[in-house]
Amino acid sequence: MTPPAALRRLPLNAAATVTVVLCLFPVYWMVATAFKPSRDIQSENPQLLPRSWTLDHFRRAIDADGFGLFWRNSVLVTLGAVALALLVALGASFAVARMRWRGRRQFMLMVFVAQMAPWESLIIPVYIISRDTGMLDRLPTLTLVYFMMTLPFTIVVLRGFIATIPAELEESAQVDGCTRLGAFRHVAFPLLAPGLMATSLFGYITAWNEFAYANFLIIKEQDHRTLPVWLSSFHNTFGTDWGATMAASTLFALPALAVFLLLQRHVTSGFAAGAVKG
C-alpha cells in the first residue's frame, strides 16, 4: 500500500527543518546576545532567551569611534561595485545573447572559469599589483576588486535572462523606427528588472560582507576601512566587548536583510529566469 503524500514528504520536511534551524541559530544567538546584559553574556548557564533586555550594547556600538565613517565606506564601495558590474555586464550579456561574433563561446568559457576561481587565491597578486601601482589604502581599489568579483556572475545571469526575452519584440521596435540600442532600451530593458535586482542583491551581499581584501589592501589608512574589518577589531582594553560586537554585527546585517526582503519576489524570479537558457 502506497503511503500518503504527507508521510512521504515527512523525511524531506524534517531535513529541511533541521537545516533551517542550524543555519538560523547562529543568527538568532547573535541578535539575542546583543540584547543581553553584560553579566549574562558570559554566564556559566547560558540562556536561549535573555533574562532581561538592554539597548546599552547598541548605544556603545553606534557611539564607538569610526562606526559612522566605516559604514559610509562600506556603502560607497558596495554601491560603486554594484553599479560598475551592472553597467559592464549589461553590455557584455547583450552582446553574448543577441549577437553572433567570433570568440563568443570562448568568452563565455572565460567568464565561467573566472566565476569558478576562488578569489582568495588571488589576494597576493592583487596586493602586489596594488602596491606597485600605488593603489594600496584606497577605497577605489576595493571598489574595483569587488567589481571584478561580482562581474562574472552578473554576466552569466543577465545573459540567460536576456535570452528568455523574444528577439522579435526588439525587431518590431526597429521596424517602427527605433535603432538597435533604442529598441533594447525601450523594449527589453524594462523586462530585465527581476534579473537586475537579483544580480544587484548578489553583488551587494558579496561586497558588503567581504573581509579578506579589505583587510589586506587597506593597511595604513585606518579611516578607509570597511565595517567587516572594523568589526574584527571591536574590543577594548579588557578584551573583546561581545555585547557591543554582537550589536554592531546585528546593525551590519540589517541592510542586507532589508534589501533581500524588499526584493525577494523579484530576486527569485530573476535567478530562475537567468538559469533557463544558456
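A residue is taken as buried when its relative accessible area is under 20%, as exposed when that area is over 50%, and as partly exposed in between. In the predicted model described here, phenylalanine 58 has a relative accessibility of 11% and therefore counts as buried, whereas phenylalanine 35, at 22%, counts as partly exposed. Across the chain the mean pLDDT is 82, with 90% of the residues reaching 70 or more.

A pair of aromatic rings is described by the distance of the centres and the angle of the planes. The count of such pairs in the model comes to 12. One of them is formed by phenylalanine 35 and phenylalanine 58, whose ring centres lie 5.0 Å apart with 50° between the planes, an arrangement classed as tilted. Because phenylalanine 35 belongs to helix 2 (residues 10-35) and phenylalanine 58 to helix 4 (residues 56-63), this pair ties together parts that are 23 residues apart in sequence. A further pair is that of phenylalanine 67 and tryptophan 71, which is likewise tilted, since the centres of the two rings are 5.7 Å apart and their planes stand at 50°. Here both residues lie in helix 5 (residues 67-98), and, being 4 residues apart, they are separated by about one helical turn. Phenylalanine 67 is buried, with a relative accessible area of 9%, while tryptophan 71, with a value of 26%, is partly exposed. These two residues also belong to one aromatic cluster, which is made up of Phe67, Phe70, Trp71, Tyr204, Trp208, Trp230 and Phe252.

Threonine 54 is placed in the loop between helix 3 (38-41) and helix 4, and its relative accessibility of 13% is under the 20% limit, so that it counts as buried. The side chain of threonine 54 reaches the backbone nitrogen of aspartate 56 at a distance of 3.1 Å. When neighbours within four places in sequence are left aside, the contacts of threonine 54 are with Ala34, Phe35, Lys36 and Pro37.

One segment of the model calls for caution. Over residues 274-278 the pLDDT stays under 50, and for this segment the model has 9 contacts beyond four places in sequence. Where pLDDT is low, the predicted coordinates should not be read in detail.

Notes: Residues are numbered from 1 along each chain as its sequence is written. This is a predicted model: local features need pLDDT of at least 70, side-chain atom pairs count only at pLDDT 80 or more; totals for chains, interfaces and linings use all residues. Side-chain values use heavy atoms; hydrogens and water are left out. Rings of Phe, Tyr and Trp (its six-membered ring) pair if their centres lie within 6.5 Å; planes under 30 degrees apart count as stacked, over 60 as edge-to-face and the rest as tilted. Helices (H or I, at least four residues) and strands (E, at least two) are DSSP runs, numbered from the N terminus. Buried means under 20% relative accessible area, exposed over 50%, partly exposed in between (1.4 Å probe, protein chains only). A polar contact is a pair of N or O atoms within 3.5 Å; within protein, one must be able to donate a hydrogen and the other to accept it, and residues adjacent in sequence count only if both atoms are side-chain atoms. Contact means heavy atoms within 4.5 Å. pLDDT is the predictor's confidence in each residue, from 0 to 100.
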